Amino acid sequence: MAVARILFVLPLPEPFDYAVPEGMDVRVGSYVTAPLGQTERLGVVWELLGNEAVAGRTLKPVLSVYDVPPMRDAMREFISWGAKYTVSHPGHVLGMTLRARGGLSPSPTETVFHLTGDVPPKLTGARRRVLDAAEEVGAVNAATLAAAAGVSSGVVKGLEKAGALRAEEMAADLPFALPQPDLPGAQLTGEQAEAAAVMKASMRTGGFAAFLLDGVTGSGKTEVYFEAIAEALRVDPDAQILVLLPEIALTQAILSRFEARFGAAPAPWHSGLSDKERRRTWREAAHGRARIVIGARSALFLPYANLKLVIVDEEHDGSYKQEDGVTYHARDMAVMRAKLEGAAVVLASATPALETMVNAEAGRYTRLMLAARPGASRLPDVELVDLRRAPPEKNHWLSPWLIQALKETLAAGEQSLLFLNRRGYAPLVICKACGERLKTPGTENWLTEHRYSGRLVCHVTGYSIPKPSVCPACGAKDSLMGVGPGVERVAEEVRVLMPEARIEIFSSDTAMGGDATRGIIERMETGDIDVLIGTQIVAKGHNFPNLTLVGVVDADSGMKGGDLRAGERTYQLLSQVAGRAGRAERPGRALVQTYAPDNPAMLALADGDRDGFLQIERDVRAELGLPPFGRLAAMIVSAPSAEMVEEACREISLAAPNGAGIELFGPAPAPITVLRGRHRRRFLVKSPRNVDLSAYMAAWLARLKPPRPVRISVDIDPYSF
Ligand code: ADP
């Protein structure tokens, strides 16, 4: 009798032993159920031991095995490594790979109807319509067929009895169509072809390799990695390719581009999928039938059967960092996953993260450069608008220069984009009578006024109330006033300045869900919008050929708050936004409004001197021993009240182990001070690169026994510092 060591999908530190019943086909990596406490639980066989492991113990039996390919060694190693690195329980990380556990069961079947070719002699009108419909729509279930014919399902059943239709059981989920690598792609330019050739050669050699595809916005990075994907499929038709994108960049436009290039829609994975769609992608990935998977960061945790290539597009994007639960950085995890799978990984960006640049310079990644846009398309000219010299009118947000540029663009029949990373009408509401600033109860978060919905909303916690007519502090009537600009307010200003312009707002409030987003994108493409005013949702991946002016309303907004990554992040976001302009034959320009035109990020934007900017950032980080020149980890302590957190932090602080080269800072308020009713404080730990900071954090955590409502979590490589 063999012993299966099962890791359960539970936050437990280690696997448990079970007996494998005679004749049950259990292997290392099998997905199984076994009794734990009073219930039957899902887990994965982490190890198989021989008879001797029983050693007089009575073990409970494995109850069932799922009929899916066992989890591969590389994936189990990835989970174990990920748990150790992020200081999490392996079962917790395992749970991230089983978000769609319905995918473990075989695809449900349904009964579909085919035409047999026999047509009964006398047909009623209803029966005739069903046969016509069946000819048109093919094999579908009774309800669909009846609906297509405009009759009741009984008519379909009747035709089956009469021998005109034949029933067949079919999997309800169709497999994803196979991508065809040899459909024609773009005619690559010289530098594109060079970059593609290096990646293609690596696909032929096989094994781990890491690339940085460093190309300005619109230089054709997507076209180039398409060629790497095609080559992977030529070398091994069963190869699987994972393409990671930031969640909000996963638009229909990018899916359609894949479909156009490969003749088959990729398998999608993102938060907008239904459970059924999620199960389908999970199952098809596990069986190796989904060849190209395109997804948000968590697609990294799907159980690929034969992963050969991972693309991380917009690799610098902050949304790759998962901040909740198991905190991981999907870019770094993708590199590790590729290494364990013996696959290639491509990090693509116009503004690579400093971490990535340093890795490339150290030779850990091969850097491939695309310096130019193909054809006539040129990078936009970026001009800084010094708001100290050309200020907007009082309570307005657009300087005379930007207003003039907007008017010229409209007159030329071209499109403008105004970027402001603030949803709603005004980011702060104060009382004119008593000076009260309206906040989410119990927190320091300001409430944002949303004028279209007439509500005040907290963008951190989601708390929302109808806008009160009296001040909640002093009771004064009609005294509440929105302060500062949001996209709704800028839209109001543009509407007054250019009443003839067609204006739309593009933010997560106006573009909830795929249809609304598609609508806005289509109206931009067909020229039905003159001025689009948007939050960072506009920054990613859209190509609007007639867009020639980008105006950044408040370039300084991301610089506040003392985060050392703020400069880098602002630079990345603004160059991405500016890169939206002038994609086709028309040259574009970007006007960037700032009160700090001497800031290195602004200067670099205006001069197009990205590498010079990174050099300055790098010197600062090296000087301070910050990533990537040192390591950082955070410990986040949360509890229902601020006092309780402070109390807990005192104990936690005392329990911190000593370690060579370790520096401890804090506790300070966490970047998100209150989340879902819990107050949060954060310790930051800094160490030299050669210290195993995960092990240090694990040792610290092991010493802590916080009282019940206090929660402690570790964030390795925090994004903000
Ligand atoms: P990036 O990913 O670097 O922003 P894309 O791959 O999206 O760039 O390319 C930008 C635009 O240029 C797209 O519309 C793309 O189809 C087009 N393009 C890129 N390379 C070529 C090429 N060699 N020939 C023609 N069009 C190209």
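This is a predicted model: local features need pLDDT of at least 70, side-chain atom pairs count only at pLDDT 80 or more; totals for chains, interfaces and linings use all residues.
1. Axes here are lines fitted to C-alpha atoms, for helices over the stretch in contact, with angles from 0 to 180 degrees between N-to-C directions. Helices (H or I, at least four residues) and strands (E, at least two) are DSSP runs numbered from the N terminus.

2. Residues are numbered from 1 along each chain as its sequence is written.

3. Who touches whom between α15 and α16? On α15 the contact uses G567, T570, Y571, L574, S575 and A578, and on α16 P600, A601, A604 and L605; contact means C-beta atoms, placed from the backbone, within 7 Å. By class, that is seven nonpolar, three polar and no charged residues. Ala, Val, Leu, Ile, Met, Phe, Trp, Tyr, Cys and Pro count as nonpolar, Asp, Glu, Lys and Arg as charged, and the others, Gly among them, as polar.

4. Now helix α6 (residues 190-205) and α7: their axes come within 9 Å and cross at roughly 25°, so the two are roughly parallel to each other. The α6 side of the contact includes Q192, M199 and R204, and the α7 side includes E223, E227 and V235. This contact has eight nonpolar, one polar and five charged residues.

5. On to the ligand. Of the 16 residues around it, A186, G220, K221, T222 and P374 come nearest; near means a C-beta atom, placed from the backbone, within 6 Å. Helix α7 (residues 221-235) gives the largest share of the shell, three residues. The shell divides into three nonpolar, 11 polar and two charged residues.

6. Two cis peptide bonds to check by eye: P627 to P628, with omega about 5°, and G666 to P667, with omega near 10°. P628 sits in the loop between α17 (610-624) and β27 (630-639), while P667 lies in strand β28 (residues 663-675).

7. Also look at V87, a residue other than glycine with a positive phi, near 55°. V87 is in the loop between α1 (73-86) and α2 (90-96).

Key. Two residues are in contact if their C-beta atoms, placed from the backbone, lie within 7 Å. Angles under 35 degrees count as roughly parallel, over 145 as roughly antiparallel, 65 to 115 as roughly perpendicular and the rest as oblique.
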